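Thanks, everyone. I'll take you through one structure, strand by strand. Have a look at it first.

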Amino acid sequence: MLIYTDIVSGDEIVADTFNLVPNKEFDILWECDCRKYLKRANEDFQLEGANPSAEDGEDEGGEGEATMVHDIEDQFRLVWLKAEDGAKPSKESYKTHIKSYLKKLHKNATPGFANVKDKTPADAEKEWKTKAAGAMKKILANWDNYDVLMGQSMDGDAMHVLIDFREDGVTPYATVWADGLKEMKV
């Protein structure tokens with residue numbers, strides 16, 4: 001199995017079990033379908049023979065509050081990115097972040113420009129910059145549809161995982177930057 005970690009934070013972002021495929025328009029972005037399911041939070045359990053009231057605990061019982069989560073969110077401990085008011089970051093805030101993040105990706109991708117067949121390193125670099133600019137423009141145009149998550153370390157300089165829904169309106173999918181991932185075999 002392959003797990004992909006963020007090159008900036010080292011957080012696990014996705015695994016090959018999610019069937020990552022290049023975006024149809026911009027292969028610099030990868031997409032994978034997700035599932036939403038019900039997860040019970042704060043499931044209470046009691047050890048046999050324990051007496052919560054004798055241990056200053058409350059005997060609440062119950063199964064805890066249930067919430068809907070994406071499987072990618074749960075499996076890789078991704079965290080919802082929200083501003084202080086509880087809303088997702090503004091488009092301008094993301095634009096600032098992504099410009100800085102793309103500089104890091106460019107630095108990571110630069111050694112690969114020399115290995116591109118049938119292209120000079122300068123042509124390959126120009127093509128990468130064109131794809132990155134187009135992908136960024138596509139994301140910003142669709143910004144209102146995305147849910148924004150980040151790795152468990154909550155490193156503000158790291159990759160943001162974007163969740164949207166397919167044309168059917170039911171199937172969620174995640175979008176990640178391919179050059180922002182490092183492959184790790186487990």
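Strands (E, at least two residues) and helices (H or I, at least four) are DSSP runs, numbered from the N terminus. Two strands pair if DSSP finds at least two bridges between them.

Now the ground rules. This is a predicted model: local features need pLDDT of at least 70, side-chain atom pairs count only at pLDDT 80 or more, and totals for chains, interfaces and linings use all residues. Residues are numbered from 1 along each chain as its sequence is written, and side-chain values use heavy atoms, with hydrogens and water left out.

Start at β1, residues 2–6. β1 and β2 form a hairpin, with five residues between them. In that turn, G10 has a positive phi of about 85°. Three bridges join β1 to β2, and the two run antiparallel. T5 stands opposite E12 in β2.

β1 also pairs with β11, again antiparallel, over five bridges. There, the bridge partner of T5 is K182.

How many residues of β1 are buried? Five of its five. Buried means under 20% relative accessible area, exposed means over 50%, and partly exposed is in between (1.4 Å probe, protein chains only). L2, Y4 and D6 point one way from β1. I3 and T5 point the other way.

Next, the open sheet. Six strands form it, in the order β3-β4-β10-β9-β8-β7, with antiparallel pairing. Which strands stand at the edges? They are β3 (21–22) and β7 (79–80). Each has a single partner strand, so one side of each is left without a neighbour in the sheet.

Look at β8, residues 147–150, and β9, residues 160–165. Four bridges join this antiparallel pair. One detail: M150 has H160 in β9 as its bridge partner. Helix α3, residues 121–141, packs on the sheet. The helix touches β4 (29–33), β9 and β10. Its direction makes about 145° with that of β10. Those axes are lines fitted to C-alpha atoms, for helices over the stretch in contact, and angles run from 0 to 180 degrees between N-to-C directions.

Zoom in on T175. T175 sits in β10, residues 172–177. Buried or exposed? T175 is buried, at 4% relative accessible area. Contact here means heavy atoms within 4.5 Å. Setting aside neighbours within four places in sequence, T175 contacts L29, W30, E31, H160, V161 and L162.

On to the backbone. Most residues other than glycine have a negative phi. N19 has a positive one, near 55°. N19 lies in the loop between β2 (12–15) and β3, and is exposed at 54% relative accessible area. M154 also has a positive phi, near 55°. M154 lies in the loop between β8 and β9. At 48% relative accessibility, M154 counts as partly exposed.

Last stop, the surface. M1, M184 and V186 make a nonpolar patch of about 280 Å². Patches are made of residues with over 30% relative accessible area and no salt bridge; like charges are joined within 9 Å, nonpolar side chains (Val, Leu, Ile, Met, Phe, Trp, Tyr) within 5 Å. A salt bridge is a side-chain nitrogen of Lys or Arg within 4 Å of a carboxyl oxygen of Asp or Glu. Areas come from the Shrake-Rupley method with a 1.4 Å probe; for residues, only the protein chains shown count as cover. V186 belongs to the segment after β11 (181–185). V186 is exposed, with a relative accessible area of 56%.
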